[in-house]
Amino acid sequence: MKVELKDVHKEFKKGDGQKLHVLDDINFNIEEGEFVSLLGPSGCGKSTILKLIAGLDKATSGDVRVNGEQVTKPGTDRIVVFQEGGLFPWMTVKQNVTYGLNLKKMSKAEVEEKAVEGLQMVHLGNFADAYPHELSGGMKQRVAIARALVMDPEVLLMDEPFAALDEQTRLVLHKELQNIWRKTGNTILFITHNIREALTLSDRVLLMSTRPGKIKESFTVRAARPRDPADSVIVDLEKRVMTELEIEMEKVLKEEFGDDYSLKTDHLRSGDHRDMGSNI
Amino acid sequence: MIIGIWEVISKLGFFPTFMFPPLIIPNEPGGVTVIGTLISSIISGQIVTATATTLTRLLVGFSIAIVLGLTFGFLIARYKWVDDTLGFFVTALQSIPSIVWFPLAIVWFGLGNTAILFIVAIGATWTMTVNSSAGFKNVPSLYLNAAKTLGSSGAHLVRTVVIPASIPHIISGLRVAWAFAWRAIMAGELLGSTGGLGYLLDLGRSIQAMDLVLSIMIVIGIIGTIIDNQVFLRMERAVARRYGQTV
Ligand SMILES: Nc1ncnc2c1ncn2[C@@H]1O[C@H](COP(=O)(O)OP(=O)(O)OP(=O)(O)O)[C@@H](O)[C@H]1O
Ligand SMILES: [Mg+2]
C-alpha cells in the first residue's frame, strides 16, 4: 500500500474558540501506481486531506502513512500541485520549474534538460523567461503542473489542477497526464469537481460527503484505457456518481440557504449532465 | 503663483532684502537673488561639496539602519520571545523623534560625524524593523508550503522564499525610513556638525544670508523629491507589478 489513511480526524480551531470538525473518520488506501480521484462538494475537506498526506498539516487523530511510514513532514517523494498554483512571483517561469530540481543532486545540464522538457509538455516552451504576472491564469497553472511533474514524485497530489483551464487545454493535459502516469507509474491523488474528469482519469473515484467530510462511497472505474467518454461503463457510472453528489449538494445548499430550499432534481437534469460536475 | 507673491512681498520693501530676498528678479541692479546665489554657489562648489557630504553621511547611516532593521525584523518574526521584548520596545522607540537622541549622541561620540551617523541610523532603524518584521511574518503560507514540498527548508527557505516574499513590505519600509533619515540628518547637521547642507544652512543664518538659506532649502527639497520619486516610488511600483498587486 502506497498511501494509507486510518481513522483520520481533523478539527480546526475557529476564531471564536469553537472547533470546526472538518474530517470525520477518514479511511482509505491508495495502491502503488493507482490513480485515485477525490470528489465532493466545496468545503468538505478535500484540500485538507491532501495537506495531511503532503505533511503540511497534522491530523487531530488517526494515522497517515506513505510507504508504511507515518507522515511527519513534507518530502520530495510527495509533490503537490496546489489549488491556487503557488508559483513564486519573484522568479521566472524557468526558475520556478527548476526550484525543486536544483535542490536535488543533479547536474546543471540535467536540470536544464528537465526544465525544457517539462515546459514543452505544458506547451510553454517559449515562456521560460517570463514572470508569472505576465501569464494568464491557465498558463500559470500549467507552469505549476510542470514544476511538480519534473520532480518525478512517487506520489503526485493534485488539487483541482485543471479547474481554471479551457476545455481544449484541459483535454491536452489529460492526455499528457495519462502518458506520464503510464510511463512513470507514480501514484496519483487527484482532486476535482468534475465528474467526467474524475472518471476519465482514475482507477477509482472516492466520493466525499459534506462537512464533517467522510468518504461516502468508492467507485472503481472498470473501463478500458485509453478512456472513451462514450464508454457505457463510464456513462453508467457518471449517472450513479451524479445522483450521490446531488444528494450531498442539496445538503450544502440547505445549510447555506435554509431548510426550505429544495434542489429540483428535474430542473438540474434538464441541463447537460456532464457539465454539472464542474458547477458544484 | 507662490513665486509671484514672494517676489511682490520682497519688492514691497516691508523687510530688508537680506531677510526676504527676491527669487529671480533683483530688487536693485546687481543685487542678490536666490537663483543667482544658487547658481553661483553651485558653480563655486560650495553647495556641491555640502550635498556630497550630506549624502555620504546619509548613505552610511541609512545602510546601517537597513542592516539593523532587517536583522531585528527577522529576529522579531522568528522568535516569539524577541517579539515580546524587543518588539514591544521598538514600537515605543519608533515614536521618539530621532533628534531627541542628539544630546546622548554628543556625550557618547562627541560632536562630529559619528554623532550625526548615529542620529540618522537611529531615525531609520525602527521603522525598518517594524516593516521588515511585518513582511517576514506575513509570508503567504502557500509559498512556504510550495517550497517545503519541493524540498526546501532552513536557510535555503529563508533566502529563496521568506526574504523575496517580504520585499514589498521591505521596500515600503525603506521609503518611510528614508524620509525619517532625511529629516534626521538635516536636524543633526543644523545643530552640530562641520560640512553638509544642514551646516551650510546654519552658516547662512549666522551671516544673515537668507538668499543662501533659501538656495539650500531648494536643493534639499529637490533632492528629497527626486530620491523619493525616482528611487523608492519606482522600486515600489516595479515590485507591486511583479508581485501581481495593483497600485
Ligand atoms: N487552516 C485552516 N484553518 C481553519 N479552517 C480551515 C483551514 N483550512 C481549511 N479550513 C476549513 O476546513 C473546511 C474544508 O476546507 P478544504 O479546503 O479542505 O475544502 P475543500 O473540500 O478543498 O473545498 P474546495 O472544493 O472549495 O476547495 C472548510 O470549511 C474550511 O473553512
Ligand atoms: Mg480545496
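Predicted model: local features only at pLDDT ≥ 70, side-chain atom pairs only at ≥ 80, totals over all residues.
View 1. For background, most peptide bonds are trans, and most residues other than glycine have a negative phi.

View 2. You'll find Asp152(A) in the loop between α4 (137-149) and β7 of chain A.

**View 3. The six-stranded sheet of chain A.** Follow the strands across and you get the order β6-β7-β8-β3-β9-β10 (chain A), an open sheet with mixed pairing. At the edges are β6 (78-81) and β10 (215-220) of chain A, each pairing on one side only. From one strand to the next, the twist averages 15°. Zoom in on β7 (residues 155-159) and β8 (residues 187-192) of chain A, and you'll see them pair in the parallel sense over five bridges. Within this part of the sheet, Asp159(A) stands opposite Ile191(A) in β8(A).

**View 4. The four-stranded sheet of chain A.** This open sheet is antiparallel and runs in the order β2-β1-β4-β5 (chain A). Its edge strands are β2 (19-30) and β5 (69-70) of chain A, and each pairs on one side only. Eight bridges hold the antiparallel pairing of β1(A) with β2(A). Pick out Val8(A) and its bridge partner in β2(A) turns out to be Ile26(A).

**View 5. Helix α1 of chain A and its two sets of strands.** Which strands does α1(A) lie across? One set is β1, β2 and β4 of chain A, with the helix running at about 115° to β1(A). The other set is β3 (35-39), β6, β7, β8 and β9 (204-208) of chain A, and here α1 (residues 46-54) runs at about 155° to β7(A).

View 6. Lys10(A) and Asp57(A) form a salt bridge, with their closest N and O atoms 3.1 Å apart. Lys10(A) belongs to strand β1 (residues 3-13) of chain A and Asp57(A) to the loop between α1 and β4 (61-66) of chain A, so the pair ties together parts 47 residues apart in sequence. Over all chains, the count comes to 21 salt bridges.

**View 7. Where chain B meets chain A.** On the B side, 18 residues are in contact with 24 residues of chain A. Three residues, Thr149(B), Leu150(B) and Arg242(B), supply 41% of the area that chain B buries against chain A, more than any other three. The area buried between the two chains is about 1,900 Å², and carbon and sulfur atoms give 74% of that. How many salt bridges cross the interface of chain B and chain A? Zero, by the rule used here. Polar contacts do turn up, though: four residue pairs between chain B and chain A, both residues at pLDDT 80 or more.

**View 8. The face that chain B turns to chain A.** Helices α7 (141-149), α8 (154-191) and α10 (210-242) of chain B each supply at least two residues of the side touching chain A. The largest share, seven residues, comes from α7(B). By class, this side of chain B has nine nonpolar, six polar and three charged residues.

Key: Residues numbered from 1 in each chain as written. Chains lettered and ligands numbered in written order. Heavy atoms only, no water. Contact = heavy atoms within 4.5 Å. Buried area = accessible area lost by both parts, 1.4 Å probe. Salt bridge = Lys/Arg side-chain N within 4 Å of Asp/Glu carboxyl O. Polar contact = N/O pair within 3.5 Å; in protein donor to acceptor, adjacent residues only side chain to side chain. Nonpolar A, V, L, I, M, F, W, Y, C, P; charged D, E, K, R; others polar. Pairing = 2+ DSSP bridges. Axes fitted to C-alpha atoms, helices over the stretch in contact; angles between N-to-C directions.
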